[in-house]
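Please prepare a short briefing on the structure shown below.

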Amino acid sequence: MYMDSIREPDMFWNKLAKDFFWKKEYATSQPLCKFNFDARKSPIFVEWFRGGYTNVCYNALDRHVIAGRGGQPALLWEGNDLGQDSCSTYQDLLNYTCQISNFLLSKNVVKGDRVCIYMPMIPELPCGMLACARIGAIHSVVFAGFSAEALAGRILDCCPKVVITCSAFKRGNKLVDLMGIVDTALQLCLERENFSPETCLIYENPRVASNKDTLWKEGRDLRWQDVIPCMDKKAPVEWMEAEDPLFMLYTSGSTGKPKGVVHTVGGYMVYSAVTFKYIFDHQPGDVFWCTADCGWITGHTYVTYGPLLNCATCVIYEGIPTWPDAGRYWQIIDKFNVTAFHTAPTAIRTLESSGDEFVKKHSRKSLKLLGSVGEPINPKAWWWYFEVVGEKRCPIVDTWWQTETGATMISPLPWAWPLKPGSATLPFFGVQLALVDENGNEKHGPCEGFLCIKGPWPGIARTLYQNHERYEESYFKTFYGYYTTGDGCRRDDDGYYWITGRIDDVINVSGHRISTGEVESVLNAHPACAEAAVVGIPHKVKGQGIYAFVVLMKEASASEELRISFLQSVRKEIGSFAAPEIIHWVTGLPKTRSGKVMRRILRKIACGEFDNLGDLSSLADPSVIDDILNTKP
């Protein structure tokens, strides 16, 4: 199939696209894909299935109900606290989505209008996304951990007609006053650019008390429970041309203005569905659970669109992995008989450090497949995931992709070829990888270089919202003729790909360019290490030195002997030049809810810039910062 996708891409993707409903067929008398990847020749563009008209919501919901599968469970929701759950069938989901669509239509939201969604992981979030897709509105989901400042910036960039939010919710034992954050953000929008959305729709969360001090603004704020139940359960479908925008999603770059990545209807629909079907080997009766938040691209593709387009039953969870204890994930897997489980390496390492007993007191007998997403998984965590969680019977699909790629680009296909712990293995259908040197020359055979992609795939982002120049600059002008991922990569003797880390996550020690990921992998492999992150610090002699933050396994104790043992591991595996100058024992690392370690913050701590840590609102647990600052390296 992979070779077919490269040799005959039109025939390959046409066959897969036929699985979906097209109100008007795209033209097959011309190439299915037209593109230019060389900014020196003409502006960058990519088009797939041009001339075809379809609707993603219709394909995700109506198509299955019409086929007689309306009674099948679609979303199995698990709340933050034990005992909170619900089940929505495909018919339920269609009815609810249509009611939200009709509300948006009543507020004069039309094709091309933007709708900002700022909600926790409750069923109303994916339903809101689908409701926008149904009527042609462009949804912009903002992770509900972002601050009022970050939310205001995203609102001002896309100028939504409607903001959809929630009164409040719990994350672990922490109460988040979401409406208070929205109120502050909208006030900032008024002060800065005199902008206000016409409507703010607020879901009154019945499970938590809302802040009574938050004032509702007459004429703008509407209570979800007052308006949505009154709406008709049938709503019209806006048939969208394949290259019409489906959604935009802001990347949370540590510096500069966030980028509004735009994905379009036809290509994203086909690519997200196909990757889900083959990478997770989805079969009728399976129950799929991806732990990602819909505020990130993984939540878009593998919580909402990919599973529902395949008529899958999927779990969504509002809470965190360790609430009320480190066995919660495994308890949920048993409760819903989850067959495929997809989570982030950082969650895996956190749960590994909590001890095997939390895993083993739950059956997990329903599991057939494990997945990893968000960052490269280090071999030590991979083996624990495989041996303890999967009991050596579940293959692991270690996936690599980006917000801009729309869906998975490198991954094993389960049971199809041998796995290598730490390697995402081989490219997915239609993906042509290239490793290039600093001059843009492609390298062949076993080598290391900058990871680029030679040609278009259906799920590629088409532009950045209202900033195509930045799109070209970010992805196509580093190496002309290629999409530049920004990641370093190694290809081994078997042709397997190993992501070595971001290009900008390179520390230059005495002329040696050292990937942070390479050093972290060695530290993480130490039997006493639960998790590690390294950053560069200024060094008078070497130019840069390496500063390591290390979280120990619970049975390990910090000591000089242990520090030396870690240093010896790095010297042995990489070389003495890569040994950290400082090892700082910490109780945890600063991470976003999606599991990304915020190295920007660690760099500032390592450099002593304690008063200039920046916005910490997107951290899953801000108290980690205080713990780090209160310990000495």
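Helix α6 (residues 148–158) is mostly covered, with nine of its eleven residues buried; helices are DSSP runs of H or I of at least four residues, strands are runs of E of at least two, and both are numbered from the N terminus. Buried means under 20% relative accessible area, exposed means over 50%, and partly exposed lies in between (1.4 Å probe, protein chains only). The model is predicted: local features need pLDDT of at least 70, side-chain atom pairs count only at pLDDT 80 or more, and totals for chains, interfaces and linings use all residues. Residues are numbered from 1 along each chain as its sequence is written, and side-chain values use heavy atoms, with hydrogens and water left out.

**Helices and their packing**

- The buried residues of α6 are Ala 148, Ala 150, Leu 151, Ala 152, Arg 154, Ile 155, Leu 156, Asp 157 and Cys 158.
- These buried residues pack against β6 (114–118), β7, β8 (162–166), α7 (178–193) and β14 (245–250), where contact means heavy atoms within 4.5 Å.
- Cys 159 follows α6 and has a positive phi, near 50 degrees.
- In helix α2 (residues 9–17), the buried residues are Phe 12, Trp 13, Asn 14, Leu 16 and Ala 17.
- The partners of the buried residues of α2 are α1 (2–7), β2 (45–48) and α9 (265–279).
- Buried residues of α11 are Arg 328, Tyr 329, Trp 330, Ile 332, Ile 333 and Phe 336.

**His 139 in strand β7**

- His 139 is found in β7 (residues 138–141), and His 139 counts as buried because its relative accessible area is 0%.
- A polar contact of 2.8 Å joins the side chains of His 139 and Tyr 305; such a contact is a pair of N or O atoms within 3.5 Å, and within protein one must be able to donate a hydrogen and the other to accept it, while residues adjacent in sequence count only if both atoms are side-chain atoms.
- Neighbours within four places in sequence aside, His 139 is in contact with Val 115, Ile 117, Met 129, Cys 132, Leu 246, Phe 247, Met 248, His 300 and Tyr 305.

**Thr 313 in strand β17**

- Thr 313 belongs to strand β17 (residues 313–317) and counts as buried because its relative accessibility is 9%.
- A polar atom of the Thr 313 side chain lies 2.6 Å from the backbone oxygen of Pro 73.
- Not counting residues up to four places away in sequence, Thr 313 touches Gln 72, Pro 73, Ala 74, Leu 76, Asp 286, Val 287 and Phe 288.

**Loops and backbone geometry**

- Trp 323 and Pro 324 are joined by a cis peptide bond with omega of about -5 degrees; Pro 324 is in the loop between β17 and α11 (328–336).
- Asn 337 is in the loop between α11 and β18 (340–343), and Asn 337 counts as partly exposed because its relative accessibility is 46%.
- Thr 425 is not a glycine, yet its phi is positive at about 70 degrees.
- Thr 425 is placed in the loop between β20 (396–398) and β21 (433–436) and is buried, with a relative accessible area of 0%.
- Ile 377 is in the loop between β19 (369–372) and α14 (379–389) and is buried at a relative accessible area of 2%.
- Ile 377 touches Pro 345, Ile 348, Ser 372, Trp 382, Tyr 385, Asp 398 and Gly 422, leaving out residues up to four places away in sequence.
- Ile 377 and Ala 344 are 33 residues apart in sequence, and their C-alpha atoms are 8.2 Å apart.

**Cavities**

- The structure holds four cavities of 30 Å³ or more; a cavity is a set of points on a 1 Å grid over the protein atoms alone where a 1.4 Å probe fits but cannot get out, and lining residues have an atom within 4 Å of a point.
- The largest cavity contains about 50 Å³ of space, a volume being the space filled by probe spheres set on the points, which are joined across faces, edges and corners.
- Lining the largest cavity are Asn 80, Asp 81, Gln 84, Phe 169, Lys 170, Asn 205, Arg 207, Val 208 and Glu 318.
- The lining comprises two nonpolar, three polar and four charged residues; Ala, Val, Leu, Ile, Met, Phe, Trp, Tyr, Cys and Pro count as nonpolar, Asp, Glu, Lys and Arg as charged, and the others, Gly among them, as polar.

Notes. 1 Å grid on protein atoms, 1.4 Å probe; cavity = no way out; pocket = protein on both sides within 12 Å on 5 of 7 lines; lining within 4 Å.
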